[in-house]
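Morning, everyone. I'd like to walk you through one model today, chain by chain and then across the interface. Please keep the viewer open while I talk.

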Amino acid sequence: MKEGIKVGIKEGFKFCLDLAKIIVPVTFAFAILKETVIFKQITYFLSPYMGFVGLPGSAAFTVLLGFFSLYAAVGSILPLGLTVKETTIVAMILLTAHTLIIEGGVLKQLKLNYIKLTAFRILMAFFIGAIINFLM
Amino acid sequence: MDVPTVLMEAIYQTVKVMGLVFAIVIPLTTIFEILKRRKILDKISNRFSHAMKWFDLPGKAAFPILAGMFMGVVYGSGVLYKQKKEKMLSDRDFTIVCTILLMCHSLIEDTLLFVAVGASFLWIFGFRILFAVLFIKILLIVGKKMPKLDFFGKS
């Protein structure tokens, strides 16, 4: 039990440091980026495309980041100032489809059809996002 | 906004999010480690073996599914590699297990990270399980009715 707690805390600390390497730069960068004019313009341009899942244009960055790294996406949410509903929708989309390249690699190693499965994930993710937007 | 305000806000948000991450991750990994050492999951998964019939899976599929859903992705994928290597499940069953886990893994840790930045825990937790179960069931029914369209078949 004692040994387990020790190892658990150590593992947790290691994992947190790994997360910090991604989350700290992303959160910091987004907190600054979102004040820039060009960011606001891109957001404005993207907003009609994100509307169908009930998200503001700026959340497109979160979703895109999440496709590469879920933890980077977590870092971008606070600076963008999303509401509870928007955060929940983003979370549902990303928790269904995230870190596609690395997890696709795992599927490949498990000798599964990773292209089909990844396409299925992305499709389901936006479908689920639309349902949550409708229900919540 | 002026530059110092933006910088202060950036620092504040970075510190806040990392504080939340530490507060969530460390207790979780500690609990996972204790559960692993006590082999709790092996005991619980026996109770879920009947539920596996609903997915046309053998009872022993309960262990990799529960491991992937609740114990984090590293441990979960470790269990999957082992299952694949030792051929514990048929190819089709293995594909079903992986598809369920692909849609719904690390239910606790990843969900809590999003809850930390403001999402609703109950909505995410409930709907992730619900959608994963529902979609897999639909794919299984379609596969049974129209074998040509079987999502889990050879392709």
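What you're looking at is a predicted model, where local features need pLDDT of at least 70 and side-chain atom pairs count only at pLDDT 80 or more, while totals for chains, interfaces and linings use all residues. Residues are numbered from 1 along each chain as its sequence is written, and chains are lettered from A and ligands numbered from 1 in the order in which they are written.

Okay, chain A. Of the 136 residues in chain A, 38% count as buried. For burial, I count other C-beta atoms, placed from the backbone, within 10 Å of a residue's own: 20 or more is buried, 12 or fewer is exposed, and in between is partly exposed. Contacts are counted too, and two residues are in contact if their C-beta atoms, placed from the backbone, lie within 7 Å. Among contacts in chain A between residues at least 6 apart in sequence, 67% join residues at least 24 apart.

Now zoom in on helix 3 of chain A, residues 59-68. How many of its 10 residues are buried? Seven of them are, and the helix is mostly covered. The buried ones are Ala59(A), Phe61(A), Thr62(A), Val63(A), Leu65(A), Gly66(A) and Phe67(A). They pack against helix 2 (37-50), helix 4 (70-80), helix 5 and helix 6 of chain A.

On to helix pairs. Two packed helices are described by the angle between their axes and the distance between the axes. The axes here are lines fitted to C-alpha atoms, for helices over the stretch in contact, and the angles run from 0 to 180 degrees between N-to-C directions. In chain A, helix 5 (residues 84-96) and helix 7 (residues 114-135) pack at an angle of about 160°, with their axes 8 Å apart. That makes helix 5 of chain A roughly antiparallel to helix 7 of chain A. As for the wording, angles under 35 degrees count as roughly parallel, over 145 as roughly antiparallel, 65 to 115 as roughly perpendicular, and the rest as oblique.

Which residues meet there? From helix 5 of chain A you have Thr88(A), Ile89(A), Met92(A), Ile93(A) and Thr96(A), and across from them in helix 7 of chain A sit Arg121(A), Met124(A), Ala125(A), Phe126(A), Ile128(A), Gly129(A), Ile132(A) and Asn133(A). By class, the contact has eight nonpolar, four polar and one charged residues. For those classes, Ala, Val, Leu, Ile, Met, Phe, Trp, Tyr, Cys and Pro count as nonpolar, Asp, Glu, Lys and Arg as charged, and the others, Gly among them, as polar.

Two loop residues in chain A deserve a look. Thr99(A) has a positive phi of about 45° although it is not a glycine. You'll find Thr99(A) in the loop between helix 5 and helix 6 (100-109) of chain A, and it is partly exposed, with 19 other C-beta atoms within 10 Å. The other is Lys111(A), not a glycine either, with a positive phi near 60°. Lys111(A) sits in the loop between helix 6 and helix 7 of chain A. Is Lys111(A) buried or exposed? Exposed, with 11 other C-beta atoms within 10 Å.

Next, chain B. Seven helices and zero strands here. The radius of gyration of chain B, taken over C-alpha atoms, is 19 Å, well over the 15 Å that the globule rule gives for 155 residues, so chain B is more spread out than a compact globule. That rule is 2.2 Å times the number of residues to the power 0.38. The C-alpha atoms of chain B fill a box of roughly 65 × 40 × 25 Å along the principal axes, and buried residues make up 37% of the chain.

Last stop, the interface. There, 43 residues of chain B are in contact with 46 residues of chain A. Helix 1 of chain B gives the most to its side, with 19 residues. That side of chain B divides into 25 nonpolar, 11 polar and seven charged residues.

One helix pair bridges the two chains here: helix 7 of chain A and helix 5 of chain B pack at an angle of about 40°, with their axes 10 Å apart. The two are therefore oblique to each other. Leu117(A), Arg121(A) and Met124(A) make the contact from chain A, with Thr99(B), Leu102(B) and Met103(B) from chain B.

Conventions
Helices (H or I, at least four residues) and strands (E, at least two) are DSSP runs, numbered from the N terminus.
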